[in-house]
Structures are given as structure tokens and as C-alpha cells.
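Visitor: Could you walk me through one part of this structure up close? I'd like to hear about the place where the chains touch, and then whatever else is worth a look.

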Amino acid sequence: MKAPPFAYARARSLAEVFELLAAHGDGAKLLAGGQSLIASLNMRLSSPRLLIDITRLTELSGIQVRDGRVRIGALTTHAEIERSPEIRRHLPLLAQAAPHIAHPAIRNTGTIGGSLALADPAAEWPACCVALDAQFVIAGKAGARRIAARDFFKGLYATALRPDEVLTHIEIAGAGPDHRSVFVELAQRRGDYAMVGLAAVAKRVGGTLKDLQLAFLGMGQAPVLARRAMAAMEGKRAAADTIAAASEALSRDLDPAPDLYSSAATKMHLARALTGRALAALAA
Amino acid sequence: MSPIMEQALETTLTVNGTSVTRRIPARQHLIDFLREELGLTGSHVGCEHGVCGTCTVRVDGKIVRGCLMLAVQADGRRVDTIEGLSDSGELAELQEAFHRRNALQCGFCTPGMLIAAQELVANEPGASRERIREHLSGNYCRCTGYQAIVDAIEDVLKK
């Protein structure tokens, strides 16, 4: 279908964005890559009065590495992250996850900030940011604030962003020498929404996994950090018995709702299968 | 100064090398603008929510979904469609290979397939069949079963 009518403003500064958000409240929506927003407008699932195009705010784009921390602007596209040598070196998890996001034409346009602010439960970036314990920088009229990714996602398409705020950057500590990461996902077809996905990072120290982080997507209304499975595996070698114990602990971390294609039991089975693959890969 | 907020905006973009200025309704997608205002009907409209890939065009050298971009967002940008890329000869080898391999039946997906495939041919000359399939995963064909399309692209990559 075609999008309903709306007004359009191309913001030239963040100050203009705040001014428009203050004036229009819920009637305004920010347009970044538009790869979810314009689809939802076309399907008439949302009908904002005003789209505020923030894509010309170049200060919100790009990847910088400083003092071992990686700063990614909200308007950085999935494809830029996928191809970035800095990301491959300092945050390999993001380079591993990017190819799972939709298709090349969508990755050329869609942005990490847009994906995080939308908070689709099947999206890759929210789970990666939770696994990596990312910090989000949010700007408002009164100034900037920071919030941990682990506090940002509140539920189905719900975040800690207030209607008059803009997510401007994310910051993540770069990987140390022992860092290992893996991203695994199951989808019905390549590029489709994930049925289940897992972002996993750990330090591999003398054959054991330390500081293991397991963040699932598609298994709840928001990314789920599997704390009991993480604890079960902490400091251990990845072997058949330890992986089985971690998989067993998952049943207390995850409580997925069935969807159109899979029962809750199937989703749990897939989550366990991915956990086994991820732990074996981290240890390899 | 307050930002300009409009239902329609004067927009200047370069389409297939020619500068075009029009007053465009904000709600109009790039693909509808190209087809309905400029008569460039080689790019097709399929699902209109970013799934099928038949509206694939290039903006500033990168493939995008023509149904997931507003035409006013193309202000100041360079847009290339199947018409321009055909005329320039850039797609000639792929077109010849599609023809030889019977990589189309109804042809509805073909303009999008060719533009998407060319991005792979240009950026990844050593791409495997698996990579071809991955790269085309966002372009649906309801006739061929893809085998012949992958064959055609592989032929060009092997040249």
C-alpha cells in the first residue's frame, strides 16, 4: 500500500529536532534509515503527522575508536558496521551479526540507532548490545544522558527513550586479546526475522570460558540475558557435560511465547541447540 | 529559525545522469516517483514493504529498496535505475548471461535481480554460489527457482 499523508522536515541540527519533538509530541516520528518505519507507514500500521528526517545530521554517523572504546553513531548503517575494519578488530560480534540483518539493500540504508530505538524483539543489534554491555548516549533538550543497554530495553518495542529524546551514539569497550565472540541465528529463510538468535561473548583463558555473556533474541519481548546458563558455564571448559548443564539452566532463563511458526517447546529446543553451537565455537 | 515542515517539497535529484527538479509529496516513495512522475517503469513495484526486492534501484552507488525510501529523501542524491544502467552498458554482461541461461521467465523480478547482482559482481569478483544466494536473498523470483539466476551470475563472476 501507499503511506498515509504526513508532513516532512529535514532537520539541520539536533536543536531543531528537539524543537519539533517538543511541538509535536507523539505525532512526530524520527526518520533515520526508514527500513522499518517506512514499511510500517506503507502498511498503515502507523500514521504520524510529521516525519523528522535526521539523516543529514552527519555528526550522528560513523565509527571511532578511542582509548579502547568504540563509539558508533546512531546513523551508522548496518553495511558500514559489516564492512568496518575497526569493528572487525575491536567488536567482532557486530561484524558476525551484521550479515544476519535482512538483505544487502536494507543493510545499505538501515541504521543501528534506528534498530535499537525500535527495539524489535527479533532484531540482532539489541541482543548484541546487551551481550557486550554497551552504553547508549541519549540527547535531549536539557543535555545528554547515558544508559546501559541492559536497562534500555523495557519490553515489546518499548525502551527507556522518552518521546522528546534522541539516541545519538552507542559506546562499547573494545575486545581484549582473550576475547571470543559468536553470533548464531535460525531463520526460516536467510534475512527473514530470526526465530531464535544468540549473541555470545567470553574471555577464553587456558581453555576455560570466563565472563561469559549470552544474550538471546526472539525469545522474549526484549533481549534476554541468560544469567543462569552463564553462571553454570562460568570458568568451565566447553565439553559435553558443561554444555548440557548450561542448556539445562536455560529453562530457568527463558520463557518464550509461541509464535505463528513455533511452539514454546520448539523455541526452547532451538535455543538449546544454538547455545551448544555457540559455546563450542567460543571454546574452539 | 524554525525548520521547514512541508507536505510537499521541492526536490532536486540526479536520475540516470540527468538533473531533475520536482515538487514531490512527502509521502511518495522513490519508486512511485520514478515510475509515475518520470515514466521510468523498468523498476517494478511488488510488495511495497521491503520484502520482495523488485523495486531495487541505486542511490549514491548503493542498492536500496525504492519502496522504503521517500522520494524527498533523494534530494541532492544520484539515483540510477535499470534504464540508465542498461543504456550505459554496465549490466550488459549480466543481461547476456541471464538471456543465455534462461534466468528469467515472466521478467518481473529481473530489473531488481540485475541491479542487486551487479553490486556483487563489482564488489566481490570471487563470490561463491553460496555468496550469490546470500546476496540475492532479498530479491524474490516466483518463476525460476533461482538456479538459472545463480548460474548466470556465476558465469559473469568466472569471466
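**Where chain B touches chain A**

Guide: Let's start with the contact itself, which draws 30 residues from chain B and 34 residues from chain A. Keep in mind that this is a predicted model. On the chain B side, the elements that put in two or more residues are strand E1 (5-6), strand E5 (62-65), helix H4 (110-123) and helix H5 (129-135). E5(B) gives the most to that side, with 4 residues. Sort the chain B side by class and you get 13 nonpolar, 10 polar and 7 charged residues.

Now zoom in on the strands. Strand E1 of chain A, residues 7-10, is joined to E1(B) by 2 bridges, and the two run antiparallel.

Next, a pair of helices in chain A. Helix H11 (residues 240-253) and helix H12 (residues 264-283) have axes that come within 10 Å and cross at roughly 145°. The crossing of H11(A) and H12(A) is right-handed. From H11(A), the residues that meet H12(A) are Ile243(A), Ala246(A), Ser247(A), Leu250(A) and Ser251(A). Facing them from H12(A) are Met268(A), Ala271(A), Arg272(A), Thr275(A), Gly276(A) and Leu279(A). Taken by class, this helix contact has 6 nonpolar, 4 polar and 1 charged residues.

Note on methods:
Residues numbered from 1 in each chain as written. Chains lettered and ligands numbered in written order. Predicted model: local features only at pLDDT ≥ 70, side-chain atom pairs only at ≥ 80, totals over all residues. Contact = placed C-beta atoms within 7 Å. Nonpolar A, V, L, I, M, F, W, Y, C, P; charged D, E, K, R; others polar. Pairing = 2+ DSSP bridges. Axes fitted to C-alpha atoms, helices over the stretch in contact; angles between N-to-C directions. Left-handed = near helix turned anticlockwise from the far one by under 90°.
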